[in-house]
Number of protein chains: 2
Amino acid sequence: MSRKSNRQEILTKGLRFVHERGFASASVRDIVEAAGVPQGSFTNHFASKEAFGLEILNLYFANASEVTRQTLRNEALPPLERLAAWIDSSKTGVSVSGQCNGCLLGNLAAEVADHSEALRTRLLEIFAEVQAAVTECLAAATHTGDLPQTLDCNRLAAFIVASLQGANLLAKVQGSMEPVERFKQILFAKVLR
Amino acid sequence: MSRKSNRQEILTKGLRFVHERGFASASVRDIVEAAGVPQGSFTNHFASKEAFGLEILNLYFANASEVTRQTLRNEALPPLERLAAWIDSSKTGVSVSGQCNGCLLGNLAAEVADHSEALRTRLLEIFAEVQAAVTECLAAATHTGDLPQTLDCNRLAAFIVASLQGANLLAKVQGSMEPVERFKQILFAKVLR
């Protein structure tokens, strides 16, 4: 393979490996083996494991942003249907190879927020972008009259982003997407009514 | 130190180290260094790192159960005040050495639920016990008339346990307990009203 495709293989297979096994658990050797490239490739392309971590985080977020574009930002749907579609997308998004591996954002937050300032800072930015997309969608619902105009959309969006992370985490422990479905139902029945 | 106190040191200092740094990141060497005991002590007392993980999880849960006893199960307080006190306890409980290290249950769920069946199973049991304590408290609130008698207490308890995990996770990323306070406020203002 060319240098460029080695780099791509390390990122796509490495992302999958880390999502399934955790970041700290994954050695550089595991990652290059998963990618099917020589060990030297890793150091050719990434200054450190933390640098690799930042790149897979960005890759994961790029995929998640595409889902956001198709759901939360899909103006063909009424705002609250977009929100529901976005929450539903968690149910497939967190299931790599048939398992419930949780959301990579939450997994990395739990694992590395304490000891990699670079990853913590990037996670903070990403969560803020996700929250902004949810805020926009809730604001659209206040314009259509589906939610009260006095709603503090940003605060409620922060609650939704955090609670969905919790639901994804419990889904991972239980090996079932039930916590995500329950979160959605209670959110719509109680918080957004 | 005696054999017994070496074991205790490994557990208490090891729990703290894992809570601050993550389970996969913590090597056996890190753990014995944190405990100030010879490396051989670890293998004398624990069959594997997973066995050690189960013991610190049980130790953490024993501490958390004491907090539950003083809050959720404190019959001197009205039920919903107990629930609020339990959520507030998260704000101190997750802060080891002044940092927001998250809840160890959530951290381990994110890190190891995929690749240690023993730890995943124990986490599942512990989350079920926490959920049962919240269910009991909500049921008590239905008896006092603070919540409607028709409430599905168990389902709402599952939502609360998961959402609080999410709030703790975001608190860890943000280095601030604001997500936990926001969760509590929205829970009481919208879900439990």
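**Exercise 1. Work out whether A:Phe23 is buried or exposed, and what surrounds this residue.**

Start with the area: A:Phe23 has a relative accessible area of 8%, so this residue is buried (buried means under 20% relative accessible area, exposed over 50%, partly exposed in between, with a 1.4 Å probe and protein chains only). A quick note on the model: it is predicted, so local features need pLDDT of at least 70 and side-chain atom pairs pLDDT 80 or more, while totals for chains, interfaces and linings use all residues. Residues count from 1 along each chain as written, chains are lettered from A and ligands numbered from 1 in written order, and side-chain values use heavy atoms, without hydrogens and water.

Next, look at the contacts (heavy atoms within 4.5 Å). Leaving aside neighbours within four places in sequence, A:Phe23 touches several residues, among them A:Lys49, A:Phe52 and A:Leu119.

Now zoom in on A:Lys49, which lies over the face of A:Phe23, 4.5 Å from the ring centre (NZ of Lys or CZ of Arg within 6 Å of the centre and within 35 degrees of the ring normal). In chain B, B:Lys49 lies over the face of B:Phe23 at 4.4 Å.

**Exercise 2. Find how many aromatic pairs the structure holds, and classify A:Phe42 with A:Phe46.**

First, the whole structure has eight aromatic pairs over all chains (Phe, Tyr or six-membered Trp rings with centres within 6.5 Å; planes under 30 degrees apart are stacked, over 60 edge-to-face, the rest tilted).

Then take the rings of A:Phe42 and A:Phe46: their centres are 5.2 Å apart and their planes at 45 degrees, so this pair is tilted. Both A:Phe42 and A:Phe46 are buried.

Finally, ring pairs join A:Phe42, A:Phe46 and A:Phe52 into a cluster.
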